[in-house]
Amino acid sequence: MSFHRFEDHATRAFSPLISTAQNHLIESKYLYFNLNRKGLGTGSEPHYHPNELVIFVVEGKINALIGKERKVIKPGTLGIVPPNARHSFKATEDGDCAYLYIKENSWGLVGIREDEAPPEESLSVDVARKMTDEGAERFYKQDKEKSQVRIEGLRPSFYPILEKLDDPIGYANRMLWHHGERVEFGFFELPEPYEEASKASDRDQFLYMLQGGMEVSVDGKSLRVGPGDVIEINVGQAYSLRSDGTDAPRFARVRPTPAAVAMIDAMPENKK
């Protein structure tokens, strides 16, 4: 399926002992693409995970922590969490929040508290939910000495892209990429005509429409997309994007880095 809306996907809690987040998840071979929602004043406890995480705020304000860096971030702000970096995101007392949540698929979705040792494999979401239902207090073994959490020595990780999500779109086409170690985040706004086409995408990618509209074709299926639509393009699929400049689109775009693709392809379960 190439065209989605998050509200059509079931709401789930991935790490209920760590976070209050309610998640709408779309998953490809290489990426978890998710919308996280958190209620007023609630969120996650400081934790880490071996995969890289990218967030982009779309609603409300967030008390955010990455490593030792603390900020209140708002819609239009990007955060990049390096592998194993301590982090926490909580809605402020102003109201609920929502943000795009993107991980590369080299590890799972269930986080590790900063004082816990990482297991050989991530728990599945279903096992984590079962443990929660049975009254578990932790998912993993408490062992501060064997924790792999990174706190010190991280460079700044927050990138303001817009003052507000509905900021006026400028005169020129803008295509801004932030290249993490394992995930690349693109911000596109296209007031001028734009066309892009490929006979075979070289990587998985997701697009999330923030504003405006454009014509999209993926693997032979075409749709005019608008705000809130999600486009999934899997590696090898033909696709095209076309905007004639009459309804300027603004969208977020994510894809794994070549290094992440190589890492995931080399995992034993993907070599079978």
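Colleague: What should I know before we start?

Modeller: This is a predicted model, in which local features need pLDDT of at least 70, side-chain atom pairs count only at pLDDT 80 or more, and totals for chains, interfaces and linings use all residues. Residues are numbered from 1 along each chain as its sequence is written, and side-chain values use heavy atoms, with hydrogens and water left out.

Colleague: What makes S6 and S9 paired strands?

Modeller: Strands are DSSP runs of E with at least two residues, helices are runs of H or I with at least four, and both are numbered from the N terminus. Two strands pair if DSSP finds at least two bridges between them. Strand S6 (residues 53-59) and strand S9 (residues 77-81) are joined by four bridges and run antiparallel, so they meet that definition. Leu-53, for example, has Val-81 in S9 as its bridge partner.

Colleague: Which strands does S18 pair with?

Modeller: Five bridges join S18 to strand S19 (residues 221-225), and four join S18 to strand S21 (residues 239-243). Both pairings are antiparallel. Glu-215 has Arg-224 as its bridge partner in S19, while Val-216 stands opposite Leu-241 in S21. The hairpin of S18 and S19 has two residues between the strands, and there Asp-219 takes a positive phi near 55 degrees.

Colleague: Why do you say that the buried residues of helix H2 line one face?

Modeller: In H2 (residues 258-265), Ala-260, Val-261 and Ile-264 are buried. Seen down the axis, the buried residues of H2 fall within an arc of 100 degrees, so they line one face of the helix. The arc is taken from the directions from the helix axis to the C-beta atoms. In general, an α-helix has 3.6 residues a turn, so residues three or four places apart point the same way. The buried residues of H2 pack against strand S11 (97-104) and strand S22 (250-256), where contact means heavy atoms within 4.5 Å.

Colleague: What makes one space a cavity and another a pocket?

Modeller: On a 1 Å grid over the protein atoms alone, a cavity is a set of points where a 1.4 Å probe fits but cannot get out. A pocket is an open set with protein on both sides within 12 Å along at least five of seven lines, and lining residues have an atom within 4 Å of a point. Grid points are joined across faces, edges and corners, and a volume is the space filled by probe spheres set on the points.

Colleague: How many cavities of 30 Å³ or more are there?

Modeller: The search of the whole structure finds one. The largest cavity has a volume of about 170 Å³. Of its 17 lining residues, Ser-15, Ser-19, Asn-36, His-47 and Tyr-101 lie nearest its centre.

Colleague: And what lies in the largest pocket?

Modeller: About 440 Å³ of space. Among its 20 lining residues, the closest to its centre are Tyr-32, Trp-107, Gly-108, Ser-122 and Glu-269.

Terms used
Buried means under 20% relative accessible area, exposed over 50%, partly exposed in between (1.4 Å probe, protein chains only).
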